[in-house]
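Q: Hello! Please take a close look at one part of this protein and tell me, in plain words, how it relates to the rest of the chain.

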Amino acid sequence: MLATEMLMNEHRVIERVLDCLERMAEIAEETNKVDAASARQALDFFAVFADQCHHRKEEEHLFPLMEARGFRHEDSAVGCLLDEHSIGRRHVRAIAAALDALHAGCPSAAHDFADRARAYVAFLREHIAKEDAHLFPMANRVFGAGDRQLLLDAFDDVEQEHAHAGTHEKYLQLADTLAERFQVGRTALLTCGCGCGHHART
């Protein structure tokens, strides 16, 4: 399996939790209530699984290797997508702020949560689509066999750091739990023969 395929698998898991967050926003609009516990779980997922693990693989390994192969940061898709990671973090903080306001009793907080959640869902879906449709194919075209193995090894190091604390499995299970709670279907993932439960789920 290519390293970019591993990232695409993670995208499918992230999209499932985005679907859950979107459903939470719909419920908030319909009832003026928010399942705050589930929303906090989703934000925790995005902070740890999507950012600390997935984005770390891209920012510390994929993007620098692409730049080393001729993709300039200032005028390439790499720089744009890296900036979008920062924008995504601001979206997550904005949703968390809406939840804090809800806890404080702000009457408009549920609708604010819905608006901010929907904005993040739309933003991250578009970001994922750019990477899947454009960035990853470009990377696959310029990387040689040595580059591909280098990325696989680097990604494995990131995986192992999280695996020692059971982090990956915890957040995969959380994605499943949220999907079941909000009746969100699963998306089939690409499979690999490495035996890691992370990339072999369907």
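A: Let's start with Glu15, which is partly exposed at a relative accessible area of 22%. Here buried stands for under 20% relative accessible area, exposed for over 50%, and partly exposed for anything in between, using a 1.4 Å probe and protein chains only. Glu15 sits in helix α1. Helices are DSSP runs of H or I with at least four residues, strands are E runs of at least two, and both are numbered from the N terminus.

A word on the basis of all this: the model is predicted, with local features needing pLDDT of at least 70, side-chain atom pairs counting only at pLDDT 80 or more, and totals for chains, interfaces and linings using all residues. Residues are numbered from 1 along each chain as its sequence is written, and side-chain values use heavy atoms, leaving out hydrogens and water.

Side chains of opposite charge can pair when their charged atoms come close. A salt bridge here means a side-chain nitrogen of Lys or Arg within 4 Å of a carboxyl oxygen of Asp or Glu. One of them joins Asp19 to Arg125, with 2.7 Å between the closest N and O atoms. Asp19 belongs to helix α1 and Arg125 to helix α4 (residues 109-142), so this pair ties together parts that are 106 residues apart in sequence. Both partners are partly exposed, Asp19 at 29% relative accessibility and Arg125 at 30%.

Another salt bridge runs between Glu29 and Arg118, whose closest N and O atoms are 3.3 Å apart. Again distant parts of the chain are linked, with Glu29 in helix α1 and Arg118 in helix α4, 89 residues apart. Glu29 is partly exposed at 29%, and Arg118 is partly exposed at 34%.

Asn32 has a positive phi of about 60°, although it is not a glycine. Most residues other than glycine have a negative phi. With 38% relative accessibility, Asn32 is partly exposed.

Glu161 and Arg56 form a salt bridge, with the closest N and O atoms 2.9 Å apart. Glu161 lies in helix α5 (residues 145-163) and Arg56 in helix α2, 105 residues away. Salt bridges that share partners also join Glu10, Lys57 and Glu159 into one network.

Let's step back to the whole protein. A search of the entire structure finds 18 salt bridges. There are seven helices and zero strands, and 45% of the 202 residues count as buried. Contact means heavy atoms within 4.5 Å. Among contacts between residues at least 6 apart in sequence, 83% join residues at least 24 apart.
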